[in-house]
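Hi there,

Here is the structure I promised to pass on to you. Have a look at it first, and then read my notes below with the model open beside you.

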Amino acid sequence: MNPSEMTKKIKARFPSNIALVKYWGKYGQQLPCNASLSLTLKNAYTSIEMEYKPKSNPDLDFKYFFEGKENIAFKDKVVKYAQAQAEFSEFLRNNAVIIHSSNSFPHSTGIASSAAAFATIAAVLLKAAQGDTDENKFLQTASHLARLGSGSACRSFYGPYALWGRLENLPESSNEYAIPILDIHENFADMRDAIVIVEDQPKQVSSTVGHSLMKNHPYAAARFEDANKHCEEMLEVLKYGNFESFISITEREALSLHAMMMTSGDYYMLMKPGTIQVIEAVMQFRKSTGLPVCFTLDAGPNVHILYPAAIQDEVKALLDKDISPLAKSIIMDEAGCGGQFL
Ligand code: DP6
């Protein structure tokens, strides 16, 4: 048989997500100290084309290209991750693998690239290792495995909203994987996210370090309790369509996340002057128009402005007039429904 006939190909793309209730602090094997809840994005995704063919020698044969260039550092990270998962290690042992990966969004924009990357990596590896299985089971296993690469990645399999982490009143919730949130009021069915880039340099302190600083944080217990409460409240809000509560939970969560950074033992600050100016412009706009627009922040200085599609023209006027002068760029995104194989 011609060896090229044995080469198989899997193509997929899975998106990033923006947390409304934040995961910040973890224990054990990438288990969250509190539940988190996110909006799945649509335009910000990682695409992967993976080629693989059986091999007989025991040496690792794995190459990782990111945007056309071989990326050894990321390859090492992915190999370490994949070899640690029983589901993937045999596949890696028995196959020569080449991954070509790219992102639909620029670097250092505050879009969680590790969420999109690990969701897509877990999805293609699982598909290759397992073949076709029941879709719900596949998504749950992929979410579980993606979590072991990057916590927030586990939420990227479902949309427009996903919940990760055990909540007492929700028996199907789990610390191991995310679950879809199905009961969504029409007010929140079509949300938009204008991602305002105020800083496009890599951040000074990684999320991994940030999570670890929650270990001895004086406010940790209160923060974890608060976040779980916010998840429970947000589930109700999404169900009944209350914008006012959506806004107050979302903004309070963003500021709590940054307050944790600013009050940890090794304190630090990721917000920039432009971050505060954009937040103030959003709050001012909301006050003067009464429209349901709010902000959230990732672990970085860039601001996500969230609003329903129904008011996109009014928000565009805000972006053009008041926000653009403060921004390096603005990336327009919206709620998505998860990833896909192509
Ligand atoms: C602020 O998922 O990037 O975006 O599990 O170490 O990969 P690791 O961390 P990561 O942390 C995300 C933190 C956050 C909040 C969130 O997405 O919930």
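Let's begin with N17, which counts as buried because its relative accessibility is 2%. Please keep in mind as you read that this is a predicted model. You will find N17 in strand β1, which runs over residues 8-21. What does the side chain of N17 touch through polar atoms? One of its polar atoms lies 3.0 Å from the backbone oxygen of S152, and the side chain also makes a polar contact of 2.9 Å with the side chain of S156. If you set aside the neighbours within four places in sequence, the residues in contact with N17 are S38, L39, T40, L41, A112, A115, S152, R155 and S156.

- Y23 has a side-chain N or O atom 2.7 Å from an oxygen atom of the ligand.
- K26 places a polar side-chain atom 2.7 Å from an oxygen atom of the ligand.
- S152 has an N or O atom in its side chain that is 2.7 Å from an oxygen atom of the ligand.

On its own, the ligand has 450 Å² of accessible area, and the protein covers 92% of that.

Helix α3 covers residues 113-130, so to speak its 18 residues reach 25 Å from the first C-alpha to the last, close to the 26 Å expected at 1.5 Å a residue. Most of α3 is covered, with 13 of its 18 residues buried. Just after α3 comes G131, which takes a positive phi of about 75 degrees.

Helix α9 (residues 312-323) is another story. A straight helix of 12 residues would span 16 Å at 1.5 Å a residue, but α9 spans only 14 Å between its end C-alpha atoms. Its buried residues are V315, L318, L319 and I323. Why are these four on the same side of α9? The reason is that they cover an arc of only 100 degrees around the axis. D313 and K321, on the other side of α9, are exposed. The cover over the buried residues of α9 includes β10 (191-197), α8 (273-289), β12 (303-308) and β13 (329-334).

A84 sits in the loop between α1 (72-83) and α2 (86-94). Is A84 buried or exposed? A84 counts as exposed, because its relative accessibility is 59%. A84 and C33 are 51 residues apart in sequence, and their C-alpha atoms are 22 Å apart in space. D59 has its place in the loop between β4 (36-54) and β5 (62-66). With a relative accessibility of 52%, D59 also counts as exposed. Along the chain, D59 and L92 are 33 residues apart, and 9.5 Å separates their C-alpha atoms.

Enjoy exploring, and write back with any questions!

Best wishes

Notes
Residues are numbered from 1 along each chain as its sequence is written. This is a predicted model: local features need pLDDT of at least 70, side-chain atom pairs count only at pLDDT 80 or more; totals for chains, interfaces and linings use all residues. Side-chain values use heavy atoms; hydrogens and water are left out. Helices (H or I, at least four residues) and strands (E, at least two) are DSSP runs, numbered from the N terminus. The expected span of a helix is 1.5 Å times one less than its number of residues. Buried means under 20% relative accessible area, exposed over 50%, partly exposed in between (1.4 Å probe, protein chains only). The arc is that of the directions from the helix axis to the C-beta atoms. Contact means heavy atoms within 4.5 Å. A polar contact is a pair of N or O atoms within 3.5 Å; within protein, one must be able to donate a hydrogen and the other to accept it, and residues adjacent in sequence count only if both atoms are side-chain atoms. Accessible areas come from the Shrake-Rupley method with a 1.4 Å probe; for residues, only the protein chains shown count as cover.
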